[in-house]
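This report covers the ligand sites, the domain arrangement and the chain interface of one model.

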Amino acid sequence: MNTENLLTVTNLNITFPSPKGDVSAACGVSFSLGKEKIGIVGESGSGKSVTGRAILRLLPPYAQVVCDEIRFKGEDLLTLSEKEMRRIRGKEISMVMQDPKYSLNPVRTVGHQIMEAYTIHRRVSQKEAKEKTLEMLAAVQIRNPKQVYNLYPHEVSGGMGQRIMIAMMLIPEPSLLIADEPTSALDVTVQLQVLAILDDLVTTRGMGLILISHDLELVASFCDRVIIMYGGRIMETINAADLHDSTHPYTRGLLNCLPKIEGGSTRLPVLKRDASWLDAHYNQHITGGSDASG
Amino acid sequence: MLLVDKLNIIFGHGKAKNHALKDVSFSVKKGESFGLVGESGSGKSTVLNCIAGLLQNWTGLIEVDGKTVHRRKRPIEFYRRVQMVFQDPYGSLHPRHTIDKTLKEPVAIHRLGNGNDRVAQVLKEVGLDPKFRFRFPHQLSGGQRQRVAIARALILEPEVLLLDEPTSALDVSIQAEVLNLLQDIREQRNLTYILVSHNLAVVSHMCENVTVMNRGQIVEKITKQQLQQDTPQNQYTRQLLLASRGYDRQAIDQFKEY
Ligand SMILES: Nc1ncnc2c1ncn2[C@@H]1O[C@H](COP(=O)(O)OP(=O)(O)O)[C@@H](O)[C@H]1O
Ligand SMILES: Nc1ncnc2c1ncn2[C@@H]1O[C@H](COP(=O)(O)OP(=O)(O)O)[C@@H](O)[C@H]1O
Ligand SMILES: [Mg+2]
Ligand SMILES: [Mg+2]
């Protein structure tokens, strides 16, 4: 699973200054991953997206980031210049966002945009790049790549748009893909089909994947390990297979409050939040430190 | 309580013609919680919009309490008895009206009187602290806004609530609170619900009877029990059920388009 270390984030802290007092969006976030699928799960505002963005230095300039290290393939990304980061982005680490409509240029065909994502990092002929693009469209299970190549973003469905985004992000063959709620806007069957594409690519290419999601059950069934966040802190990092045996009260609370097809119609247990969850020592104590921290 | 028979609606003309509801028929007993589930675009919201009178160019029959509901002309009493709650509580609340004003408006329209008492009472019923009464929607969390939307529906003492994805925009912990609230209110007020959701678990939790829609048609009507015992007859329902169970690489290869 994670034989070779790809990324290590140590003590990431993100603060947004605000007139009403600073907002701590991430606090003491540390994790590492290899060539595996890791999920970051939590409710809205828990700090999932900022964590993903901080890795690629994609936060707005007013965000205050304090971090010990973000080590990627042995190199500390924090020490790189902006120019060097551009080499990392896309080529080494790609990011897929929730809504493809905002990430694609509306006035250019999807084929052009995917091709550009390839040629920007590589010196290849036009013909070779186009072939590679069609290949990539086929790899994300688009049945008629030649037709889709010439479509504009508004002409494709949500599911296809997300496949196109994934094609665009994967064509430079990054070693790590950060996918921020890549399927949350899609119907459940399409969502699973898109995840299957990612899954297969992770396996065949030996890529690492960080899947950001609010859907705990989905992530647990898809990923190897799960990071559970609350209030900008990591509550626990747990092997997906062990999730349902978690003893962390927040994880348990999240699992219990889900309505279940098998369940009765009795009242759902509601989550009782506890201020001590935000205490670093509390979570170390509960999860016994570094259980599944890779 | 509610009967829908051969409901049809067509949007657009010519090439853009979209037969969005095809012979949709179902009935809901008084006090029942009726679930409508399906993927996006299947026509769930359109069904509710026809019942609520937000869409008028439908054909077929809609009856409430044995009385035919006219497509356009409906007595004001209808708009009191049948209330709708939408998915996005932010979009459905006026951004520059306080909660107090939002809640008093329908009371005034329907001349029910006693506005102040009604607002205080309904806020209590939906579990909102009185301190929220003079705040604006943007000062509330998503869950609190959805409670306001429910309060706005309840303040008119309706008999039927049409709930369109009422918890789909909420975090799961907040969803649990809102679903509990909806169950409590239904019991206390003996309300009839039509609950629309793309989430099979939400519908099966809330409803005894589940109707599955796909591409404007009802594909299957099943009971909660059947759903739980994993015996839906219809292939599409089976696939939806399988997909709701999480990620299973092998199962996905068997998915078909219906
Ligand atoms: N650009 C920003 N400016 C100010 N605050 C922000 C910004 N982005 C995120 N935040 C705050 O940081 C916290 C974490 O946000 P985010 O990572 O987006 O959460 P999520 O887990 O939903 O992805 C939230 O409190 C959010 O309001
Ligand atoms: N007001 C409208 N005008 C035109 N088309 C509409 C309108 N409302 C819904 N539709 C179309 O009807 C179909 C069903 O939509 P909808 O009822 O919103 O589905 P659901 O709620 O199940 O996601 C879709 O094809 C949608 O585009
Ligand atoms: Mg986010
Ligand atoms: Mg809808």
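Which polar backbone atom lies 3.0 Å from an oxygen atom of ligand 2? That backbone atom belongs to Gly43(B). The distance, like every other value here, is computed on a predicted model.

**Ligand 2 and chain B**

An N or O atom in the side chain of Lys44(B) is 2.8 Å from an oxygen atom of the ligand, and a side-chain N or O atom of Asn18(B) is 3.0 Å from an oxygen atom of ligand 2. Ligand 2 taken alone exposes 560 Å², of which the protein buries 59%.

The residues around ligand 2 include Phe11(B), Ala20(B) and Glu39(B), together with Ser40(B), Gly41(B), Ser42(B), Ser45(B) and Thr46(B). Sorted by class, this shell holds seven polar, two nonpolar and two charged residues. Strand β2 (18-28) and helix α1 (44-52) of chain B each give at least two residues to the shell around ligand 2. The largest share, three residues, is that of α1(B).

**Ligand 1 and chain A**

Around ligand 1 there are 13 residues, and those that come nearest are Gly45(A), Gly47(A), Lys48(A), Ser49(A) and Val50(A). Lys48(A) places a polar side-chain atom 2.9 Å from an oxygen atom of ligand 1. Val50(A) contributes through its backbone, with a polar atom 2.9 Å from an oxygen atom of the ligand.

Helix α1(A) has the largest share of the shell around ligand 1, with three residues. By class, the shell around ligand 1 consists of six nonpolar, five polar and two charged residues.

| Ligand atom | Protein atom | Distance |
|---|---|---|
| Ligand 1, oxygen | Lys48(A), side chain | 2.9 Å |
| Ligand 1, oxygen | Val50(A), backbone | 2.9 Å |
| Ligand 2, oxygen | Asn18(B), side chain | 3.0 Å |
| Ligand 2, oxygen | Gly43(B), backbone | 3.0 Å |
| Ligand 2, oxygen | Lys44(B), side chain | 2.8 Å |

**Domains of chain A**

Chain A is divided into domain 1, made up of 2-92 + 176-287, and domain 2, which spans 100-173. The C-alpha centres of these two domains of chain A are 27 Å apart. Contact between them involves 16 residues of domain 1 and 14 residues of domain 2. Together the two domains of chain A bury about 1,300 Å², with 69% of that area on carbon and sulfur atoms. On the domain 1 side, Lys91(A), Ile197(A) and Arg205(A) supply 41% of the area buried against domain 2, more than any other three residues.

**Interface between the chains**

In the contact between the chains, 34 residues of chain B meet 32 residues of chain A. The two chains bury about 2,900 Å² between them, 53% of it on carbon and sulfur atoms. In chain B, the residues that lose the most area to chain A are Val172(B), His205(B) and Tyr247(B), which together account for 23% of what that side buries.

Note on methods: Residues numbered from 1 in each chain as written. Chains lettered and ligands numbered in written order. Predicted model: local features only at pLDDT ≥ 70, side-chain atom pairs only at ≥ 80, totals over all residues. Heavy atoms only, no water. Near = heavy atom within 4 Å. Polar contact = N/O pair within 3.5 Å; in protein donor to acceptor, adjacent residues only side chain to side chain. Helix = DSSP H or I, 4+ residues; strand = E, 2+ residues; numbered from the N terminus. Nonpolar A, V, L, I, M, F, W, Y, C, P; charged D, E, K, R; others polar. Domains from an automatic or database assignment. Contact = heavy atoms within 4.5 Å. Buried area = accessible area lost by both parts, 1.4 Å probe. Areas by Shrake-Rupley, 256 points an atom, 1.4 Å probe, with all protein chains shown as cover.
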